[in-house]
Amino acid sequence: MGKDRLAAFSDGVIAIIITIMVLELKVPHGSDWAALMAVTPNFVSYVLSFIYLAIYWNNHHHLLHTVTRVDGVILWANSFLLFWLSLIPAATAWMGENFLVPIPTALYGAILLMPAIAYYLLQKAILRKQGSESLLANALGTDIKDKISPVLYAVAILLAFVSPWISIAIYVMVAVMWLVPDRRIEGVLREKSK
């Protein structure tokens with residue numbers, strides 16, 4: 001089976017997730033600065049989550065460029081990733097409504113950790129199908145971001161019970177690390193097209 005339907009479905013699901021998330025934003029009740037400040041935590045949570053979803057979409061887009069054929073394992077691994085991404089709007093809304101409260105901040109981190117694990121499993125499923133000499137295998141090599149991100153999420157989850165500010169700073173730091181799409185895949189695809 002080709003990858004086009006998988007890419008189209010994934011793009012659609014991520015677009016819906018972002019739409020749901022933006023619909024959760026609260027409009028200020030009033031026209032003064034105090035009313036605007038009251039919804040700032042929701043907006044900050046939304047911006048962070050939007051950035052995370054954009055990061056996943058960008059990297060997923062690059063990842064699928066390395067795929068020639070998909071099988072059932074890849075489809076299920078991709079669905080597992082989309083499942084965890086689909087929970088981001090709920091975690092975003094809860095954290096926005098309860099900004100700097102330990103449990104919502106920790107749960108938000110858990111919801112960020114699970115797509116990272118799911119993305120890793122999707123990569124492994126693609127590698128299993130494509131083989132050790134595939135474009136993806138050649139692109140991946142070793143990357144510290146892949147390994148450190150889940151560790152940082154786990155640390156941030158625990159630190160949410162000490163200082164939610166530190167946890168949110170870690171979530172922002174991981175997002176900043178991933179703002180640039182995975183250049184390893186871009187490089188291999190560029191070499192292939194020469």
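I count rings of Phe, Tyr and Trp as a pair if their centres lie within 6.5 Å. With that in hand, I opened this predicted model and looked for ring pairs.

**Entry: aromatic pairs.** I found seven aromatic pairs in the structure. Tyr 52 and Tyr 153 have ring centres 6.2 Å apart and planes at 50°, so I noted the pair as tilted. Tyr 52 belongs to helix H3 and Tyr 153 to helix H8, so this pair ties together parts 101 residues apart in sequence. Both Tyr 52 and Tyr 153 are buried.

Next I looked at Phe 99 and Trp 165, whose ring centres are 6.3 Å apart with planes at 85°, so the pair is edge-to-face. Phe 99 sits in the loop between helices H5 and H6, and Trp 165 is in helix H9, 66 residues apart. I found Phe 99 partly exposed at 23% relative accessibility, while Trp 165 is exposed at 57%.

I also noted a cluster in which ring pairs link Phe 80, Phe 83 and Trp 84.

**Entry: Lys 145.** I located Lys 145 in helix H8. Is Lys 145 buried or exposed? At 18% relative accessibility, Lys 145 counts as buried. Beyond its neighbours within four places in sequence, Lys 145 contacts Met 177, Trp 178 and Val 180. I saw that Lys 145 lies over the face of Trp 178, 4.4 Å from the ring centre.

**Entry: H1 against H3.** I looked up how these helices pack: the angle is about 175°, and the axes are 11 Å apart. H1 and H3 are therefore roughly antiparallel. The residues of their contact divide into twelve nonpolar, three polar and one charged. Among those in H1 are Leu 6, Asp 11 and Ile 14, and H3 contributes residues including Phe 50, Trp 57 and His 60.

Notes:
Residues numbered from 1 in each chain as written. Predicted model: local features only at pLDDT ≥ 70, side-chain atom pairs only at ≥ 80, totals over all residues. Heavy atoms only, no water. Axes fitted to C-alpha atoms, helices over the stretch in contact; angles between N-to-C directions. Helix = DSSP H or I, 4+ residues; strand = E, 2+ residues; numbered from the N terminus. Parallel < 35°, antiparallel > 145°, perpendicular 65-115°, else oblique. Contact = heavy atoms within 4.5 Å. Nonpolar A, V, L, I, M, F, W, Y, C, P; charged D, E, K, R; others polar. Buried < 20%, exposed > 50% of the residue type's maximum accessible area, 1.4 Å probe, protein only. Phe/Tyr/Trp six-rings, centres within 6.5 Å; stacked < 30°, edge-to-face > 60°. Lys NZ or Arg CZ within 6 Å of the ring centre and 35° of its normal.
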